[in-house]
Amino acid sequence: MAFLAELGALTDDLLAAVSGSSSNVWPRREAAFRTLRNNNFPRTNQFEVAERLSGLEERFSVVGRDGLAEALRTRLAALEPHRNQYTPEVLHLLLELADQPALNSKLSD
Amino acid sequence: MPPPTERAEKQAAAQQAVDILHEIATILNCHLDRRTLSICISMIENGINPEALANVIKELRKQGQDVQLESAEAAAAAVAAAGTRRR
């Protein structure tokens, strides 16, 4: 019960942060809540995550974005001392949300 | 309960981890601000699958874009209707 309350509060925060609008919120909240509680997604494979990240690093270098490759390498090394059991899952989320970084990422950001 | 200094150190370390993850999110062009990332981390720590979470975020963004498009179309239609009435 406490878990559902916590998840409900976090879902509300996520809705406010991502969509920011208050119109038609209830059906969207329910749909989001349903997807989040859906257990049909495969579990994160930390080795696959590491492989995808090193593949990205390599791709950045291949397309001439060496600065980006170096920035990613540095940040991943800096993350090592802070690693915990959830780190691969958070990195998995970031990989799922990545939007053509080799083309669109700017180092100035 | 850990002493206050230990708690503060743990909090600072957690903040630092979020900072680094936010920088990685920026490098990967994830369009996530720090607040949204913190909410996502809390959800993952509560057992939410990252792929499910990514799907929800993408769907919410798509719905947000659709709403914006609808409002822009409605505003354009209102301007066009006002122009017709004036004539």
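In the predicted model, 45 residues of chain A are in contact with 40 residues of chain B, contact meaning heavy atoms within 4.5 Å. Local features need pLDDT of at least 70 and side-chain atom pairs count only at pLDDT 80 or more, whereas totals for chains, interfaces and linings use all residues; side-chain values use heavy atoms, with hydrogens and water left out. Residues are numbered from 1 along each chain as its sequence is written, and chains are lettered from A and ligands numbered from 1 in the order in which they are written.

The area buried between chain A and chain B is about 4100 Å², with 75% given by carbon and sulfur atoms; buried area is the accessible area (1.4 Å probe) that two parts lose on being put together, summed over both. Within chain A, the most area is lost to chain B by A:L93, A:L94 and A:L97, which together account for 15% of what that side buries.

Seven residue pairs in polar contact (both at pLDDT 80 or more) are found across the interface of chain A and chain B. A polar contact is a pair of N or O atoms within 3.5 Å; within protein, one must be able to donate a hydrogen and the other to accept it, and residues adjacent in sequence count only if both atoms are side-chain atoms. On the side of chain A that touches chain B, two or more residues are given by each of α1 (2-18), α2 (25-37), α3 (46-62), α4, α5 (87-97) and α6 (101-104) of chain A. Helices are DSSP runs (H or I, at least four residues), numbered from the N terminus. The largest share of this side, ten residues, comes from α1(A). Its residues divide into 28 nonpolar, eight polar and nine charged, where Ala, Val, Leu, Ile, Met, Phe, Trp, Tyr, Cys and Pro count as nonpolar, Asp, Glu, Lys and Arg as charged, and the others, Gly among them, as polar.

B:N29 lies in the loop between α1 (4-27) and α2 (34-45) of chain B and counts as buried at 13% relative accessibility (buried, under 20% relative accessible area; exposed, over 50%; partly exposed, in between; 1.4 Å probe, protein chains only). A polar atom of the B:N29 side chain lies 2.8 Å from the backbone oxygen of A:D99. Leaving aside neighbours within four places in sequence, B:N29 is in contact with A:L97, A:A98, A:D99, A:P101, A:N104 and A:S105.

The largest nonpolar core holds 45 residues, of which A:L14, A:L91, A:L94, B:I24, B:M43 and B:L53 touch the most other members. Such a core is a set of buried Ala, Val, Leu, Ile, Met, Phe, Trp, Tyr and Cys residues joined through side-chain atoms within 4.5 Å. Not counting residues up to four places away in sequence, B:I24 touches A:L72, A:R75, A:L76, A:L79, A:L91 and A:L94.

Over all chains the structure holds eight salt bridges, each a side-chain nitrogen of Lys or Arg within 4 Å of a carboxyl oxygen of Asp or Glu. A:R29 and A:D12 meet in one of these (2.5 Å, N to O); A:R29 lies in helix α2 and A:D12 in helix α1 of chain A, so the pair ties together parts that are 17 residues apart in sequence. A:R29 is buried at 14% relative accessibility, whereas A:D12 is partly exposed at 35%. The count between chain A and chain B is one salt bridge: B:E23 pairs with A:R75, the closest N and O atoms being 2.6 Å apart.
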